[in-house]
Amino acid sequence: MELGSSVGSCFKAANTPVLSSASPMKTNITLRGRNKKFLFRVSAVSYKEFAKSALEETRKRIVLESSPLQEKYSSMTGLDGKTELQMLAFKSSKIRLLRSMAIENETTQVFDFAGFMEPEYDTPIFCANFFTSANMNIVVLDLNPLHQLTDQTDYQDKYYKNIMSIYHKYAETFPWGGKLTGESIKFFSPLVMWTRFSSSQEKHKALFSAFLEYYQAWLEMTIQVREEMEPSMVRANCEAQHKYLTWRAQKDPGHGLLRKLVGEAKAKELLRDFLFNGVNELGTKTFIDYFPEYQTEDGTVSDKRSIIGKSYETRPWDLTGQFIG
């Protein structure tokens, strides 16, 4: 998710090694660089296990089938010959795309897991973006609202009012992570977990638990939601998802890391055709159509993270989930 320049820079950097392992444990890693000795205590974690557990939960409740995207995008090796990118893609009768990308090398782990509904359903978008280096973890976990909550309070009551306890359960363990831009905040819900923390076995265990609880809540929504029969509402759902995808494909802070790993052309392809698939299929509006404030004098899209210049250093929702700015 677009998290502002402070987080975007973290996604682009992170050149400090991290231990990757399928089984959690605490490990001391000694690193040498620039004639200095650094000692990091990191929690070895494999985000592939997160995806595996989510898919197991899904198959208990609904029938999943492989997405056509799986044939084209399954795995990829980075330009360095060492970094592995592994992708999974599924669909169901209601879920348009349930996909995962896990990136692992000696210095970084990245996990991007999302679920998008068919336009006949207004269920929120499941969003899990995790970034881990030896000395920092950056986490965004949310059920992104399909329709902006400032415009539709009934949408917030429908999907978030009765599950705010999930956020409160983990709020102390994972406090607010710092500035979010004014443009990006409208794509988040009051349920969002946006945090930074140093690696530890306890933290990653709690993150795994939170991930599954958020996902189970979303999965239950997909099961209970009723199909929208009114054509105008289906069109509204479709455009809302297309707007979201258009924003993410253009402004996602992971773009810089993907560019470094696989080159600019392949990075753009992954963003538009896999991670945020639907940009080319669900609508024809451009980024400037949705966000004209980003248009430069020559008609291109501004590289700036924020145009309005407002950011939120503290959580802008109260305990009940009402936006207080």
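For the linings I will describe, Ala, Val, Leu, Ile, Met, Phe, Trp, Tyr, Cys and Pro count as nonpolar, Asp, Glu, Lys and Arg as charged, and the others, Gly among them, as polar. This is a predicted model, where local features need pLDDT of at least 70 and side-chain atom pairs count only at pLDDT 80 or more, while totals for chains, interfaces and linings use all residues. Residues are numbered from 1 along each chain as its sequence is written, and side-chain values use heavy atoms, with hydrogens and water left out.

I start with the largest pocket. A pocket here is an open set of points on a 1 Å grid over the protein atoms alone, with protein on both sides within 12 Å along at least five of seven lines; a cavity is a set where a 1.4 Å probe fits but cannot get out, and lining residues have an atom within 4 Å of a point. Points are joined across faces, edges and corners, and a volume is the space filled by probe spheres set on them.

The largest pocket has a volume of about 350 Å³. It is lined by 15 residues, and Gln250, Lys251, His255, Arg259 and Asp303 are the closest to its centre. The lining has three nonpolar, four polar and eight charged residues.

Next, the second largest cavity, at about 30 Å³. Its lining is Tyr167, Phe174, Pro175, Trp176, Val192, Met193, Trp194 and Arg315, which divides into seven nonpolar, no polar and one charged. Arg315 also lies over the face of Tyr167, 3.7 Å from the ring centre; the rule asks for NZ of Lys or CZ of Arg within 6 Å of the ring centre and within 35 degrees of the ring normal.

Now the aromatic rings. Rings of Phe, Tyr and Trp (its six-membered ring) pair if their centres lie within 6.5 Å, with planes under 30 degrees apart counted as stacked, over 60 as edge-to-face and the rest as tilted. The whole structure has 36 aromatic pairs. One of them is Phe111 with Phe211, edge-to-face at 5.8 Å centre to centre and 70 degrees between the planes. Phe111 is in strand β7 (residues 109-117) and Phe211 in helix α7 (residues 201-224), 100 residues apart; helices (H or I, at least four residues) and strands (E, at least two) are DSSP runs, numbered from the N terminus.

Phe113 and Phe211 are also edge-to-face, because their ring centres are 5.8 Å apart and their planes at 85 degrees. Phe211 counts as buried at 0% relative accessibility, and Phe113 at 1%. Buried means under 20% relative accessible area, exposed over 50%, partly exposed in between (1.4 Å probe, protein chains only).
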